[in-house]
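Please walk through this protein with the model open beside the text. Start with the strands, then turn to the ligand.

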Amino acid sequence: MCGIVGYLGARDCTSVLMDGLEKLEYRGYDSAGIAVFEGAEIKTVKTRGKLAAMSEKLEREGSPKGHCGIGHTRWATHGEPSDVNSHPHSNGRVTIVHNGIIENYAELKEFLTEQGYTFLSQTDSEVVACLLDYYYAERNPLHAITETLKELRGSYALGIIFKDFPERVYAARFGSPLIVGLGEGENFIASDIPAFLKYTKDYVLLDDNEIVRLDPNGARFFDLHGMSIEKERQTAEWDVEQAQKCGFPHYMLKEIHEQPDVVGKMLDGIVKDGEPDFTQFGVTDDMLRGFRRVFITACGTAMYAGMVAKYAMERLARVPVTVEIASEFRYMEPIVGEGDLVIVVSQSGETADTKASLELAKELGATTLAVVNVKYSAIAREADICINTLGGLEIAVASTKAYSVQITTLYLLAFRFAFARGEIDENELKRLTEQLCGTPKLISDVIERSDECQFIASKLVNTETLFFIGRGLDYALSLEGSLKLKEISYIHSEAYAAGELKHGPIALIQQNIPVITIATQRHVVEKTISNMEEVKARGANVIMICREDARVADGKADLRLDLALGELDDLLAPLPTMCALQLIAYYSSILRGNDPDKPRNLAKSVTTE
Ligand code: F6R
């Protein structure tokens, strides 16, 4: 949700900011803007639209030339995407960029209006610029910032420049990520590390209620009282390549192709002597034996990864698992407490609802375990236990490889859980682990069949609506397959448990409506095929994704993608099967002329409720 950058150093500031914004565009792409000191003057250029529109504007109107400035790429919350609502916002003496939501902006706006301030935009962010100016009476930037922060409610990461200080960039955060990049004679602020990875791997994480000042002497950190504080310097493990497309036309396709590798890495990280070992994260068999119940809470794709985990954990460990959407969990007064394990799953580790659910679970006395891809994120740092998934940088808005490493991790946890609770013996633990270790190869096999997935996509492009159906784990997959397809192809899609169809939704089935039937679970495959036949009898165009030995009467499936899963345990079928669904979604998006990396209305890392 919005990306911010800031730079102070010898390089051309506009180029550094634009480079950084390109790496952060996954956070929002409704509009973009920069403000750069040209001598003593601040020159601001901003425009509605993606970063490409901003580049064109800079080309047309000339780029600001300077060495200090801030930039922003927006996902609109308050006020439509427009030039005037684009960041940076300024009132003359103070210019800011903001990521987050100022919840009390209306009341602050009223107060500031009474003080004589006028507002140009409909954004909540503009009040921050005015409030900073209001507290800047003593011409002390740090004082203005600390006083302003005390008045703000909501979440924010702010980049701030003061007209009187052409060689300073300030930043502050509460609830939204902000990282300080430390280079040789140059420093950066950014919402995420890739924005400055090209220049430095060294960084400092700003915590809530902390402020940083970049000036020619380096970066200095302050608390809310304006007192100087020391911060730990860290080094990023990612390299620049990860932030590039490396010859793929889109990040999404690159990330789909990375799945065999990242799943393999995840397995290498956890499997020791042929079995999952979680002691490196502080998770022992004793601890696992002690939990009465498990809750998994997350949003979107991460929540659907939780659904796969529910089937695996309940089936193997015989422990009750409840999966809740995080935005529901946090307000439902959940009956959770001591003795319960609450697992939160998140790629970004910044999702507002997931973070709030984690905080609530901790407050209620549960043990919290985070399965998180971004190691330095708030969720990773706040959970009692954190298992860092090794998906690497995921840039495409639609999550693919993060989902695969999430389910890999959760499978391994389910195996260990089952062993710790005496539900499976060591032989079975090793057998399941070995099976899981074979999935990277099966995912590669699916990737090799991209052409067939593209062919299936070509049969969907002209439809307005379609269905996914499946039972058990195939139902969990249907939900994720449907989400992936709708978010990047914009085809309306619904996922149903196959047996539920005739309790209402079958009324929507008519001639040529595509129904994608997923049938990898052998104990229910015949039932699923019967449901498939029911829709076929009503004119549906049936596309079946199944094990190669699934037996279907001639003419019942219009198209089949037979997956050669060999002896793979049904429990693990979601890993290779999902890859086919991701490819179908990807090609549907391409064939409809969309940008799969930046689907409309969406942004990665949802830091607002
Ligand atoms: C869909 C997608 C989203 C995210 C969801 C949670 O492709 O990416 O549904 O899964 O917004 O995000 P994280 O995992 O960052 O908490």
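The model is predicted. Begin with an open sheet of five strands, ordered E19-E18-E20-E21-E22. Their pairing is parallel. Which strands stand at the edges? They are E19, residues 321-325, and E22, residues 385-388. Each has a single partner strand, so one side of each is left without a neighbour in the sheet. On average, neighbouring strands here are turned by 20° against each other, direction ignored.

Look next at one pair inside this sheet. Strand E18 covers residues 293-298, and strand E20 covers residues 340-346. The two run parallel and are joined by five bridges. Val-294 stands opposite Leu-341 of E20. In a regular strand, side chains alternate between the two faces of the sheet.

Helix H13, residues 401-420, lies across E18, E20, E21 and E22. Strand E21 spans 367-372. Relative to E20, H13 runs at about 160°.

Now move to strand E6, residues 94-102. How many of its nine residues are buried? The count is nine of nine, and E6 is mostly covered. Strand E5, residues 89-90, runs antiparallel to E6, with two bridges joining them. His-89 is set opposite Ile-96 in E6. E5 and E6 form a hairpin, and three residues lie between them. In the turn, Gly-92 has a positive phi of about 120°.

E6 also pairs with strand E7, residues 154-162. Nine bridges join E6 and E7, and the two run antiparallel. His-98 has Leu-158 in E7 as its bridge partner.

Finally, turn to the ligand. A polar side-chain atom of Ser-346 lies 2.6 Å from a ligand oxygen atom. In the side chain of Ser-348, an N or O atom is 2.7 Å from an oxygen atom of the ligand. Val-397 takes part through its backbone: an N or O atom there lies 3.3 Å from an oxygen atom of the ligand.

How much of the ligand does the protein bury? Taken alone, the ligand exposes 400 Å², and the protein buries 88% of that.

Conventions: Residues are numbered from 1 along each chain as its sequence is written. This is a predicted model: local features need pLDDT of at least 70, side-chain atom pairs count only at pLDDT 80 or more; totals for chains, interfaces and linings use all residues. Side-chain values use heavy atoms; hydrogens and water are left out. Two strands pair if DSSP finds at least two bridges between them. Helices (H or I, at least four residues) and strands (E, at least two) are DSSP runs, numbered from the N terminus. Axes are lines fitted to C-alpha atoms, for helices over the stretch in contact, and angles run from 0 to 180 degrees between N-to-C directions. Contact means heavy atoms within 4.5 Å. Buried means under 20% relative accessible area, exposed over 50%, partly exposed in between (1.4 Å probe, protein chains only). A polar contact is a pair of N or O atoms within 3.5 Å; within protein, one must be able to donate a hydrogen and the other to accept it, and residues adjacent in sequence count only if both atoms are side-chain atoms. Accessible areas come from the Shrake-Rupley method with a 1.4 Å probe; for residues, only the protein chains shown count as cover.
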